[in-house]
Amino acid sequence: MLLAVGVLALPASAQTRATLRIGVGTVRTERRDTFPGASFTAAMVSPAVGYTSPTFVLQASGYLASLPGGVRAGNGRLQFWGVTPRLAGRWRVGIEGILTGTTRTGGSWTAAAHSVGEVLWSTRGWGFALGAGPSTGWIANDLAPRFVALHTRARTWWRPGGSTEWNFSLEPTRFFGSWFTDAGASVTVQRGPASLTLSGDARLSSAYGSTGAGSAFLQLFPGRLVSVELGGGSYLREPYQGFPRGGFFSFGLRLGSSRPIQAGAAKQLRPLVPEVRGDSQVVRFRFAGVHSVAMAGDWDGWQTHPLRSAGADQWEGAFVLARGLHHFNLLVDGRNWVVPAGVATVPDGLGGIVAVLIVP
């Protein structure tokens with residue numbers, strides 16, 4: 001549980017990103033039989049890699065830690081989140097899957113798997129989602145049989161400004177014949193080279209008891225690809241792998257972590273205004289040394305449309321668009337999602353940015 005505080009922030013238009021975190025942390029758990037001592041300090045190395053696009057996110061992360069008494073521990077986590085184009089109005093369907101596992105010196109291991117399907121409704125500033133799915137867990141040498149819990153979820157998000165984001169969730173779960181409900185709230189604020197996240201969680205259950213937790217995570221960017229990370233607080237018991245409730249404090253340096261793009265910087269740029277040609281709007285972009293460029297936008301559910309080469313490193317496309325504000329990204333060589341240089345951007349709802357287009 002020590003290294004679960006690491007965060008991998010990936011712009012949705014940034015294709016692939018890899019980071020490496022090196023740090024130390026202290027954990028105090030409620031039970032002495034889980035780790036060697038109720039309180040311990042560990043050194044850790046935490047690599048992470050992720051790929052994002054406007055419609056899905058794939059992230060893999062893990063850690064290697066040196067615990068007291070010569071004990072070595074490792075963790076791996078694979079997460080996928082995807083969403084369909086708009087099906088009706090602003091409604092879409094999404095799916096999330098998480099597979100995580102830990103191992104420790106002596107052959108002790110645990111694993112858990114979670115999946116949630118949900119329906120979403122969203123605008124640029126806020127949205128909500130309702131979903132449900134199974135969760136399960138395994139513990140080595142545990143005589144208890146494998147189980148499947150019914151996990152339901154309602155969540156909402158609100159972005160009052162480009163540098164602030166609120167998230168709220170309510171997750172009732174039926175676990176071994178009884179219910180518990182997790183309620184969570186968090187806020188992330190960006191100010192210049194700093195990003196601060198505050199979160200609070202509560203678990204409500206007449207069968208398993210009620211408890212709470214809270215944490216703070218600060219990320220500072222002294223350089224373009226370097227961040228200093230400081231976190232502390234507490235976390236709830238993890239029932240699927242048998243981890244007890246505890247508190248933590250961690251400090252680390254992450255390499256390859258790019259500084260978030262500030263909304264203020266985007267406002268200094270202008271939205272793309274296409275050229276009118278008959279009943280169509282024509283857009284042009286300049287890319288040198290590429291084989292193909294396609295464009296995807298929110299006007300048709302983020303479907304990709306190939307642009308044609310117009311010579312001199314220019315790529316051109318014609319669209320029939322309604323008047324008003326639109327958002328788009330470009331797919332270069334069939335694999336790299338980018339926003340064109342010099343065009344205004346806004347948050348995309350996945351932690352990244354999309355370009356802005358206006359039809360007068």
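## Aromatic pairs and a buried arginine

In this predicted model, the count of aromatic pairs comes to 13. A pair of aromatic rings is described by the distance of the centres and the angle of the planes. Two of the pairs are set out here.

| Pair | Centre to centre | Between the planes | Arrangement |
|---|---|---|---|
| Trp121 and Phe128 | 6.0 Å | 20° | stacked |
| Phe175 and Phe176 | 5.0 Å | 90° | edge-to-face |

Trp121 and Phe128 count as stacked because their planes are 20° apart, under the limit of 30 degrees. Phe128 itself is partly exposed, with a relative accessible area of 26%.

Now for the other pair in the table. Is Phe175 buried or exposed? Phe175 is buried, because its relative accessible area is 6%, and the cut-off for buried is under 20%.

Let us turn to another arginine. Arg21 sits in strand S1, which covers residues 16-29. With a relative accessibility of 2%, Arg21 counts as buried. Which side chain does the side chain of Arg21 join in a polar contact? The partner is Glu229, at 2.6 Å. Glu229 is also listed among the contacts of Arg21 once neighbours within four places in sequence are left aside.

Methods
Residues are numbered from 1 along each chain as its sequence is written. This is a predicted model: local features need pLDDT of at least 70, side-chain atom pairs count only at pLDDT 80 or more; totals for chains, interfaces and linings use all residues. Side-chain values use heavy atoms; hydrogens and water are left out. Helices (H or I, at least four residues) and strands (E, at least two) are DSSP runs, numbered from the N terminus. Buried means under 20% relative accessible area, exposed over 50%, partly exposed in between (1.4 Å probe, protein chains only). A polar contact is a pair of N or O atoms within 3.5 Å; within protein, one must be able to donate a hydrogen and the other to accept it, and residues adjacent in sequence count only if both atoms are side-chain atoms. Contact means heavy atoms within 4.5 Å. Rings of Phe, Tyr and Trp (its six-membered ring) pair if their centres lie within 6.5 Å; planes under 30 degrees apart count as stacked, over 60 as edge-to-face and the rest as tilted.
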